[in-house]
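The sequence and structure come first.

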Amino acid sequence: MDSPIWPAQLDHFRIDAPDPAALADFYCDAIGYEAIDLPGGALLLQGAGRRLVFGKGEAHGRPYVAYRLASQQQLADVRRYLESQGVPILPNPSPVFSDDAVAVRDPDGWVTVYGIGRADLPSLKAANGRPPLSLPGRLQHFVVATNNLPRMIDFYESALGFRPSDYVLMDSADRSSKHVAFWRTDSEHHSFAAFGASSVRHDHHAYETTGWMDIRDWADHFANLEVRIWWGPGRHGAGNNLFFMVEDPLGDKIEISAEIETMPRDMAPRWWPMDGRAVNLWGAGWARD
Ligand SMILES: [Fe+2]
């Protein structure tokens, strides 16, 4: 009879240390694991496709190595097979496997475990969470709110020479009714913008990424920090960029962007009505008060 231990896949093993939390910190930083406390004092370290159990004990001990089986039927077959081979079966030492896992000890003292993973363990945080220093995000634009838009337009366009890229009008029929202005200082659609509002204040600043998948990774990163998306995801009409926004602890808005359009220096500005599409083609707008 062929051994029913085929197929079995290495699932985890236990590392004992006098200070398991300190060793776990190293593994979390160096290899990329997330540690959680298990009942009974052990630590479960999880990463994408990898997990380890850490416990208190002497260094370089021989706790156990655990192999995942494919089904309850295979586990029952393995138990019967080991009994028929006369191999003593030990109780399951792993808190990661169901209690019915079987364990055996080899001639050198190593314990191997064969079982099925528990279904009730907490799952890993969002898989795409990456250290934020590794996430692309070029500081790209700064935006203010103003109760003084005509003078701001005059200053930035006439005194400084910023190029207007888009305007939003309060009244589409009246080009003097400008409510928002976007300006460029190089070929990117805007490096600065001003929104008509009740006061002079900071509005938001933006980081330009390399594409949609970066937006996913940034959102997963924020999810892991429990920082919720405040607006978006969407696509701005003015600038045509993909975006979402979060708030910083002061309530100021931070934008993650991709695909901002480019415009040559001599291109004329475009004009948008106040229907929200200038700020979001996909969904809800953000009306400044
Ligand atoms: Fe923006």
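The text below treats the metal site, then the ring pairs, then the charges over rings.

**Metal site**

The model is predicted. Its iron ion has three named protein donors: NE2 of His 141, NE2 of His 204 and OE of Glu 255, at 1.9 to 2.1 Å from the ion. Along the sequence these donor residues follow the spacing H-x62-H-x50-E.

Are His 141 and Glu 255 buried or exposed? His 141 has a relative accessibility of 3% and counts as buried, because buried means under 20%. Glu 255, with a relative accessible area of 0%, is buried.

**Aromatic pairs**

How many aromatic pairs does the structure hold? The count is 18. Two of them are set out in the table.

| Pair | Centre to centre | Angle between planes | Class |
|---|---|---|---|
| Tyr 156 and Phe 192 | 4.6 Å | 45 degrees | tilted |
| Phe 222 and Phe 244 | 5.9 Å | 90 degrees | edge-to-face |

The Tyr 156 and Phe 192 pair is tilted because its planes stand at 45 degrees, between the limits of 30 degrees for stacked and 60 for edge-to-face. Tyr 156 is part of helix 3 (residues 149-160) and Phe 192 is part of strand 11 (residues 192-196), so this pair ties together parts that lie 36 residues apart in sequence. Both Tyr 156 and Phe 192 are buried. They also belong to a cluster linked by ring pairs, whose members are Phe 155, Tyr 156, Phe 162, Trp 183 and Phe 192.

Phe 222 has 10% relative accessibility and counts as buried. Phe 244 is buried too, with a relative accessible area of 0%.

**Charges over rings**

Which lysine lies over the face of Tyr 167? It is Lys 178, at 4.9 Å from the ring centre. In another such contact, Lys 253 places its charged end over the ring of Trp 230, at 4.5 Å from the centre of that ring.

How values were computed: Residues numbered from 1 in each chain as written. Predicted model: local features only at pLDDT ≥ 70, side-chain atom pairs only at ≥ 80, totals over all residues. Heavy atoms only, no water. Donors = N, O, S within 2.8 Å, 3.2 Å for Na, K, Ca; no water. Buried < 20%, exposed > 50% of the residue type's maximum accessible area, 1.4 Å probe, protein only. Phe/Tyr/Trp six-rings, centres within 6.5 Å; stacked < 30°, edge-to-face > 60°. Helix = DSSP H or I, 4+ residues; strand = E, 2+ residues; numbered from the N terminus. Lys NZ or Arg CZ within 6 Å of the ring centre and 35° of its normal.
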